Amino acid sequence: MTTLDNAYGMRCPNCRRSNEIDIAATVWVRLCRDGTDASAAENGDHEWNNDSLAVCHSCDQSGTIREFDAASQPCTNANDDRAERARTALRQYVEARGEVFEDSSSEITDLIADLLHLTARIDQGDDPVESTLRLARLHFDAEHENPEETGRADAASGFIPWQLSSDHETYGDNVGKWIITSADGEQEIGHAVYSTREACGNAIALLKAGQAVIDDWENGDLAAAVRDLDAAVKGARSQR
Ligand SMILES: [Zn+2]
């Protein structure tokens, strides 16, 4: 799961950071002799809607609230989420040292070095530092530029899971649920709504596997396609 730095489910659609987003809200201000005072106004609400403007000051991307709604951004890239999670930890680490966060690789080096000191204390195995570094490297190599992790595998098949935004007016009871769309997100495939990303992913796997059987039928070699279909059916049946 992604952790966001704001309570409104907003994430920059460009850099995917969520800690420097400004939005143009309507506020009431009390007119005073020397100007205006927002805190003195009778109505202290900050109001905005899906068409209000938002700006990310990490990368200067601007757009509407709808475009900044994390739930409506398609093709979740698990590696982006991992990097943002690490950035959150890195910022807290730098600030715990009483320093100003600079988002630099030298800060990462310091954090890794300190983590290795921690490893030497909490891991009782043989050569814990070496095995921690080796395993971390294995994880990274398996995930980095892996299409299954970056959301590109679904897109290549022509189908992607798409999460409906938290716009109640448009989606009613289906807010936050999942549908299947074409890879560009433009066309809804079927009319089913799935309550979780996993359920939606299983349905996409079934679609892909079924299509592969149809495609391979003409070549007369169905064995591999049927094995994949079998796995997809098992996956869908075992879904929690
Ligand atoms: Zn941004």
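Predicted model: local features only at pLDDT ≥ 70, side-chain atom pairs only at ≥ 80, totals over all residues.
I begin with the whole chain. Its secondary structure comes to nine helices and nine strands. The radius of gyration is 24 Å, well over the 18 Å that the globule rule gives for 240 residues, so the chain is more spread out than a compact globule. Taken along the principal axes, the C-alpha atoms fill a box of roughly 85 × 55 × 30 Å. Of the 240 residues, 14% count as buried. As for contacts between residues at least 6 apart in sequence, 46% of them join residues at least 24 apart.

The domain assignment divides the chain into domain 1 (21-72), domain 2 (78-150) and domain 3 (156-238). The centres of domain 2 and domain 3, taken over C-alpha atoms, are separated by 34 Å.

I turn now to the nonpolar cores. In soluble globular proteins, nonpolar side chains tend to be buried together. Which members of the largest nonpolar core touch the most other members? In this core of 13 residues, they are Trp178, Ile180, Cys200, Ala203 and Ile204. At least two residues of the core come from each of β8 (159-163), β9 (178-182) and α8. Helix α8 gives the largest share, five residues. There is also a second, separate core of eight residues, with Met10, Cys12, Cys56 and Phe68 among them.

Let us consider α8 itself. This helix covers residues 197-217, and at 1.5 Å a residue its 21 residues should span 30 Å; the end C-alpha atoms are 30 Å apart, which agrees. The buried residues of α8 are Cys200, Gly201, Asn202, Ala203, Ile204, Ala205 and Ala209.

What does Ile180 contact, leaving aside its neighbours within four places in sequence? Its partners are Phe159, Pro161, Ile189 and Gly190, together with Cys200, Ala203 and Ile204.

Finally, strand β8. Five of its five residues are buried, so β8 is largely enclosed by the rest of the structure. Both of its faces are covered: one side carries Phe159, Pro161 and Gln163, the other Ile160 and Trp162, and all are buried. Strands β8 and β9 run antiparallel and are joined by five bridges.

Thank you for your attention.

Conventions:
Residues numbered from 1 in each chain as written. Helix = DSSP H or I, 4+ residues; strand = E, 2+ residues; numbered from the N terminus. Expected span 1.5 Å × (residues − 1). Buried ≥ 20, exposed ≤ 12 C-beta atoms within 10 Å, placed from the backbone. Core = buried A, V, L, I, M, F, W, Y, C linked by C-beta atoms within 7 Å. Contact = placed C-beta atoms within 7 Å. Domains from an automatic or database assignment. Pairing = 2+ DSSP bridges. Rg over C-alpha atoms; globule rule 2.2 N^0.38 Å.
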